[in-house]
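I set out below what I looked up in this structure, entry by entry.

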Amino acid sequence: MSTIPRLVIAAPASGSGKTTVATGLMAAFTEAGLSVSAHKVGPDYIDPGYHALATGRPGRNLDAYLCGPGQIAPLFLHGSAGADLAVVEGVMGLYDGASGLGELSSTAQVAKLLRAPVVLVVDASAQSRSVAALVHGFASWDPQVRLAGVILNKVGSDRHEELLRDALDEAGVPVLGALRRAPQVQTPSRHLGLIPVAERQADALESVRAQAAQVREGCDLKALLALAHSAPELPGTAWDPALAVAQGAEGAAPVPGRPVVAVAGGAAFTFSYAEHPELLRAAGAEVAVFDPLRDERLPAGTQALVIGGGFPEMYAAELSANEPLRRAVVELAASGAPVVAECAGLLYLSRTLDGKPMCGVLPADARMSERLTLGYREAVALADNSLAVAGTRVRGHEFHRTVLEPGAGASPAWGMTHPARRVEGHVQGGVHASYLHVHWAAEPSLARRLAARAADRPPLEAPRG
C-alpha cells in the first residue's frame with residue numbers, strides 16, 4: 001500500500017492550459033521544498049522534459065494503451081518512490097482516450113486507476129456563468145472520477161473572476177485557482193507540439209519559473225496540497241525493472257560482461273521513456289549517452305546502439321556535417337552489431353533527409369510532409385531481429401510529419417495489425433529501424449534481447465591518437 005499524496009491535472013479539451021498549470025504546480029511545490037514526482041498521461045515525450053526541469057526528477061509517462069491498465073499503478077509507484085507529492089498531467093480532454101476504445105488510455109481512466117482526485121483546468125476566456133454547466137457535466141459524467149476542484153485559466157479581470165466564482169459556488173465545485181492571461185508563461189510550439197527543453201534550455205527554465213510564479217500567485221497551494229493528501233491508499237507494489245527483465249522469456253539473469261549500449265541524446269534525439277535505460281541496466285548493460293550533434297565518435301566500447309525519437313529534421317544540416325560520426329554508425333551497423341532506431345533514428349539511418357546526406361545504413365530516403373501521422377498501433381514482429389523474436393506482439397505509437405521511401409524494406413520490422421494492416425520499417429543485419437515508438441515496460445524482453453545481442457558483440461575499439 002502507498003500513501004503518496006497525488007493530484008491529476010485535467011482539462012475539458014486540449015489547449016485549456018493544463019501543461020502550464022501542471023508544470024507550474026510541479027515547480028512551485030518543488031521550490032517550496034517538496035520532492036515532486038511528475039507524470040504525464042499518454043505517449044507524449046515533450047511535456048515530461050518540462051516536468052523534469054520543474055522537479056529535478058525524471059518525467060514519466062502513464063499510458064494504459066501501451067502498457068496496459070494493470071501497469072499504471074505499479075509504474076506510478078516506481079516513479080514516485082521517495083517523493084512527497086505526485087502531480088499527473090492529463091492528456092487531451094478528461095474523458096478522451098484511444099480512438100474507438102472507450103475510456104482506455106484516458107486521463108479519467110488513469111485517475112481512477114490511481115484513486116487520485118482530479119483538478120479541472122478550464123479556459124474561461126470566453127464564458128462566465130456557463131462555466132458551471134461545463135464543470136457540472138464533467139463532474140457528473142462518471143461518478144467514479146472524483147472531480148474535486150477547478151482552476152480557472154485565462155481570466156480577464158477581477159469582475160470576470162467574480163462571475164466565474166459565483167457560478168461555480170452554485171454548482172458546489174471549489175475554485176482552487178484563477179490565473180490571468182500571461183504571455184510570458186507560454187511555451188513555443190511547432191509541427192509536433194512544444195519545442196523540447198533540450199533545444200531551449202535557458203528559455204525553458206525561464207518559462208518554468210514564470211509558470212511557478214503565476215501558480216503561486218493565482219492558486220491556493222495549501223488547499224491543493226491538502227487535496228493531494230486526501231487521496232486514499234493505493235494498493236499494489238511498485239514496478240521493478242530488474243524483476244520485469246528477470247520474468248522475460250530469454251532468461252532471468254542479467255547478461256554477462258556489462259555490454260555498452262550507446263544511446264543517442266542531445267537536442268536532436270529527445271524522445272525516450274525513462275524506463276528504457278532502467279531496463280537496459282537491469283538487463284546487465286552499461287548505458288552510454290552521446291550527442292550526434294557534437295560527438296564525432298561513438299562511446300568507447302560500444303557494442304550496441306539505440307537511436308530514439310526526436311527532431312532530426314530541425315538539425316539535418318548539423319547531423320549531416322558530422323561525417324566522422326556518420327561513418328562510425330555505418331561501420332558499427334556493417335559489423336552486425338545491434339542497432340535499434342525509432343522514428344528520428346530511422347531518419348538518421350536513411351540515405352538522405354530533405355536532400356541532406358545521413359548515415360546511409362538503410363536504402364531509403366526521408367523528407368518532410370504536410371501530413372501528420374499520429375495514432376496508436378498494434379504490430380507483430382515478422383522475423384527474429386535485434387529487438388524481438390518473430391511473433392512478438394506489441395502496442396506502439398506513431399507521431400511524425402515525415403515520409404520514408406520506401407517505408408518498408410525487403411525484411412520489414414513490423415506487420416501492423418491495427419488500425420490498418422500493412423508492413424513497416426527495416427530489418428537489415430543487426431539493424432531494426434521503424435517509425436513505431438514502443439514502451440519497453442510493456443514488453444521487457446525487448447531490453448533483455450538487445451542487451452544479450454550486445455553481449456555477443458566485440459566492444460568497439462577506442463580511437464587511436
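Which element gives the most to the lining of the second largest pocket? I found that H2 does, with five residues.

**Conventions.** I worked on a predicted model, in which local features need pLDDT of at least 70 and side-chain atom pairs count only at pLDDT 80 or more, while totals for chains, interfaces and linings use all residues. Residues are numbered from 1 along each chain as its sequence is written, and side-chain values use heavy atoms, with hydrogens and water left out. Helices (H or I, at least four residues) and strands (E, at least two) are DSSP runs, numbered from the N terminus.

**Second largest pocket.** I searched on a 1 Å grid over the protein atoms alone: a pocket is an open set of points with protein on both sides within 12 Å along at least five of seven lines, a cavity is a set where a 1.4 Å probe fits but cannot get out, and lining residues have an atom within 4 Å of a point. Points are joined across faces, edges and corners, and a volume is the space filled by probe spheres set on them. The second largest pocket holds about 870 Å³ of space. I listed 38 lining residues, and those nearest the centre are Phe-269, Thr-270, Phe-271, Ser-272 and Tyr-273. Two or more lining residues come from each of helix H2 (46-55), strand E10 (260-264), helix H11 (275-282), strand E11 (286-290), strand E12 (302-307) and strand E13 (339-342). I sorted the lining by class into 24 nonpolar, 11 polar and three charged residues. Here Ala, Val, Leu, Ile, Met, Phe, Trp, Tyr, Cys and Pro count as nonpolar, Asp, Glu, Lys and Arg as charged, and the others, Gly among them, as polar.

**Largest cavity.** Helix H14 (344-349) and strand E17 (393-405) each supply at least two lining residues, and E17 gives the most, with four. I counted six nonpolar, three polar and two charged residues in this lining.

**Helix H4.** Is helix H4 (residues 72-79) buried or exposed? I found eight of its eight residues buried, so H4 is largely enclosed by the rest of the structure. Buried means under 20% relative accessible area, exposed over 50%, and partly exposed in between (1.4 Å probe, protein chains only). The axes of H4 and helix H5 (residues 107-114) come within 9 Å and cross at roughly 70°. Axes are lines fitted to C-alpha atoms, for helices over the stretch in contact, and angles run from 0 to 180 degrees between N-to-C directions. The two helices, H4 and H5, are therefore roughly perpendicular (65 to 115 degrees). Ile-72, Ala-73 and Phe-76 of H4 meet Val-110, Leu-113 and Leu-114 of H5, where contact means heavy atoms within 4.5 Å. I classed this contact as six nonpolar, no polar and no charged residues.

**H1 against H8.** Helix H1 (residues 18-31) and helix H8 (residues 201-218) pack at about 85°, with axes 7 Å apart. That angle makes H1 roughly perpendicular to H8. Among the residues in contact I noted Thr-20, Val-21 and Leu-25 of H1, and Val-208, Ala-212 and Val-215 of H8. By class, this contact has seven nonpolar, five polar and two charged residues.

**Backbone geometry.** I recorded a cis peptide bond between Glu-405 and Pro-406, with omega about -5°; Pro-406 lies in the loop between E17 and strand E18 (414-418). The bond from His-418 to Pro-419 is also cis, with omega near 5°, and Pro-419 is in the loop between E18 and strand E19 (422-424). Lys-154, not a glycine, has a positive phi of about 60°. Lys-154 lies in strand E6 (residues 147-155) and is partly exposed at 26% relative accessibility.

I found its C-alpha atom 7.4 Å from that of Ala-455, 197 residues apart along the chain. Ala-455 belongs to helix H15 (residues 445-455) and is partly exposed at 27%. Not counting residues up to four places away in sequence, Ala-455 touches Val-255, Pro-256, Pro-259 and Gln-303.

Terms used. Parallel < 35°, antiparallel > 145°, perpendicular 65-115°, else oblique.
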